[in-house]
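Student: Could you show me how to read the sheet and the nonpolar core of a model such as this one?

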Amino acid sequence: MMKIKTKTKGRILSILTALAMVMTLFPAQLPVLADEYDEYGFASDGTYEPAEQNGDGYYEIGNVGQLLWFGALVNGDTSQTNITEADSDANAVLTADLDFSNYGDKYVPIGWTSFSSSTTSYTDVGYGGIFDGQGYEIKNLTINTSNVSSMGTVGIFGTVTGTVKNLGVDNFYFSRGSTDGRFGAIAGLLVQSTYNEETHTGTIQNCYVVNSDVLSSGTITGVMVGANYAGEIVNSYAYNSTNTGASRIGYLVGDNRNDGSNLTGTVTNCYADGTLVGTYSGTVTDGEESVSDDSFTSGEMARTLQSTNTDDEIYWGTIF
């Protein structure tokens, strides 16, 4: 057996001691690893768990932190892991229900924009991707007013020029005073965008909002969408919710036509237990307002919506 001289042992010990001191003074800055996130998608330093893309290029979102991360990606928040620039056209799917009971103070609308004349016409701002809820719910979300400016588009999404589909929202809450903006549980504003010589229409399809409050003392609000300027809302409903605001409020959408242009929204086969759209009604086809509680709780509404739905993978259910 080879023996190590005492002097050599002393040198090795000195080197190891010195290395330990260096590592103590200058700890390595290691990246946050996926297994360091808790079940809600948060690291100990407060950063959010990045969502992974599936084979189709859609980010799969299975916890609260991942949805916050996705919003940071769309909005260009480079303080979050793996985000170097905004990707407003990113696509995503939900893979679970998301409960925001303790995390609403962190929420910033996906595709948030300030509200001005530029967002009432054809625009390239906001969220332009495809977000598929796959029948899952976002629930118990209260958006903190300090996270958005006094004038803006507020909802789970701010301004939408892409598509949000197959999403349920339960117990959403947002309250703002008389400052101008467009507020709704799913989206503050639907509008069209034009880029690459193509027109893209903001669309909400196969969605619902229940048990929610969208409140304001002097602006345009809707339970589902604040304003719909040349966008489309299809096969959707709002139930057992409250909204207040200016005269142009609706239980599904507040403003369905822009009064300063020819941008008219379309609502097709949608239902609400109150006024379907506000006084600027735009184009409304089929559907019904002031629907009875029994129609929702008995399953009649679920059957009505499913009978007109061409997507065989999504099934409406009675959830009340």
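This is a predicted model: local features need pLDDT of at least 70, side-chain atom pairs count only at pLDDT 80 or more; totals for chains, interfaces and linings use all residues.

Student: What is the order of the strands in the open sheet?

Tutor: The nine strands follow the order β1-β2-β3-β5-β9-β14-β19-β24-β26, and their pairing is mixed. Because β1 (52–53) and β26 (283–285) each have a single partner strand, they stand at the edges, and one side of each is left without a neighbour in the sheet.

Student: How do β24 and β26 run, and how many bridges join them?

Tutor: Strand β24 (residues 266–268) runs parallel to β26 and is joined to it by three bridges, with Val-267 standing opposite Val-284 of β26.

Student: Which strands does helix α2 lie across?

Tutor: Helix α2, which spans residues 64–75, lies across β2 (59–61), β3 (92–94) and β5 (130–132), and runs at about 145° to β2.

Student: And how should I read the nonpolar core?

Tutor: In soluble globular proteins, nonpolar side chains tend to be buried together. Here the largest nonpolar core has 57 residues, and those with the most contacts inside it are Phe-70, Phe-100, Phe-131, Phe-157, Ile-186, Ile-204 and Ile-233. The largest share of this core, eight residues, comes from α2.

Student: Which residues is Phe-70 in contact with, leaving aside its neighbours within four places in sequence?

Tutor: On that basis, Phe-70 is in contact with Tyr-59, Ile-61, Ala-90, Asn-91, Ala-92, Ile-110, Tyr-127 and Phe-131.

Note on methods. Residues are numbered from 1 along each chain as its sequence is written. Side-chain values use heavy atoms; hydrogens and water are left out. Two strands pair if DSSP finds at least two bridges between them. Helices (H or I, at least four residues) and strands (E, at least two) are DSSP runs, numbered from the N terminus. Contact means heavy atoms within 4.5 Å. Axes are lines fitted to C-alpha atoms, for helices over the stretch in contact, and angles run from 0 to 180 degrees between N-to-C directions. A nonpolar core is a set of buried Ala, Val, Leu, Ile, Met, Phe, Trp, Tyr and Cys residues joined through side-chain atoms within 4.5 Å. Buried means under 20% relative accessible area, exposed over 50%, partly exposed in between (1.4 Å probe, protein chains only).
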